[in-house]
Amino acid sequence: MADSDRKIESDKKAESDGSGLHISLSDFLPPTSSICEHYLWREELGYLLNPSIPYQGSKDAIADVATDSGVWLLDVAKTCPYAQCFGLDISTKLCPPNAWLPANVTFHSWDIHHNPPVFLRVRFDVVHVRSLCGVIRADPGSVVRNMAALLKPHGYLQWEEVDTSCASIVTVNATVRAHAVLGLGKLVEASPECVLMPRIPDLLSANGFHNVQWSRVVPQKPLFKYHTDMLVLKWAELVLRLPATDERKEQYSRLMLDVKEETQKGVAYVCPKLVFVAQRTW
């Protein structure tokens, strides 16, 4: 196949009725990738709530910040059926409709860059957030304070991130080429979250939290390919959202397709998982 034909197509035009309707794959990928990623996280960590966080049954209220599709929260609601579970995000359009939710789950719109509304303040025993570094647009300290404002005194924050600072490229043997995966790694390492992630413990300590603990979980070898596939899917989403005039679109499209070929031959880009647990100071 010629290079000119090897590209990620963002739109397909419906020809059957002549309506000119466009179906954008970028409209369908986010919930799918979010759900798949959740189950990989759960498989790697072996838990939803860190074992160091006490669960008190019906007394507990749990918030999932930047809930996305809400899949983590729905999983928690099954294992903590007596807890009140709130999913919070700037938009809840990726979440299931209210009519399909269990009685202990609700979703609410809230932008983490703004102060939480009164009905959410000092309400929760546990706040969970995942992959937040990539979406923080403003002062990260104010975002951490906004999360602290959700918690009751001495409530727990569980913050999870992919640790790109300790990423490695793994091949099944020395003869397998990994040039494209290496190129993907350079893109990942240049992303803004790589700068913010090492600051998380200090950010927590300086903005309303104490007893900050963290752990690093290395992926299991049988899951190496799946993690690489998820990373490619996330970057494919970015490519699909780039305007046609952006010169990076073709460059990234070729790279993602080359990465896909390499992973099928036995190359993986492996990133550990970081889990931070901290308590609100008062």
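In which helix is the place of isoleucine 35?

Modeller: This is a predicted model. Isoleucine 35 has its place in helix α1, which covers residues 29-45. Its relative accessibility is 36%, so isoleucine 35 counts as partly exposed. Leaving aside residues up to four places away in sequence, isoleucine 35 touches Ser69 and Val71. Aspartate 68 is 33 residues from isoleucine 35 along the chain, and the C-alpha atoms of the two are separated by 9.3 Å.

From there, the sheet. Seven strands form an open sheet in the order β5-β4-β3-β6-β7-β11-β9, and the pairing is mixed. The edges are taken by β5 (105-109) and β9 (209-217); each has a single partner strand, so one side of each is left without a neighbour in the sheet. On average, neighbouring strands of this sheet are turned by 20 degrees against each other, direction ignored. Phenylalanine 86 stands opposite threonine 106 in β5.

Helix α3 (residues 140-150) lies across β3, β4, β6, β7, β9 and β11, and runs at about 135 degrees to β7.

Next, the nonpolar cores. The largest has 31 residues, of which Phe124, Leu157, Trp159 and Leu204 touch the most other members. Two or more residues of this core come from each of β3, β4, β6, α3, β7, α6 (200-206) and β11. Helix α3 gives the largest share, five residues. Tryptophan 159 touches, among others, Val144, Met147, Leu204 and Phe276, not counting residues up to four places away in sequence. A second, separate core has 22 residues, including Trp41, Leu49, Ile53 and Ala83.

Last, a pair of helices. Helix α7 (residues 224-241) packs with helix α8 (residues 248-264) at an angle of about 165 degrees, and their axes are 10 Å apart. That angle makes α7 roughly antiparallel to α8. The crossing of the two, α7 and α8, is left-handed. Among the residues that make the contact are Val232, Trp235 and Val239 of α7, and Tyr252, Met256 and Val259 of α8.

Terms used. Residues numbered from 1 in each chain as written. Predicted model: local features only at pLDDT ≥ 70, side-chain atom pairs only at ≥ 80, totals over all residues. Heavy atoms only, no water. Pairing = 2+ DSSP bridges. Helix = DSSP H or I, 4+ residues; strand = E, 2+ residues; numbered from the N terminus. Axes fitted to C-alpha atoms, helices over the stretch in contact; angles between N-to-C directions. Contact = heavy atoms within 4.5 Å. Buried < 20%, exposed > 50% of the residue type's maximum accessible area, 1.4 Å probe, protein only. Core = buried A, V, L, I, M, F, W, Y, C linked by side-chain atoms within 4.5 Å. Parallel < 35°, antiparallel > 145°, perpendicular 65-115°, else oblique. Left-handed = near helix turned anticlockwise from the far one by under 90°.
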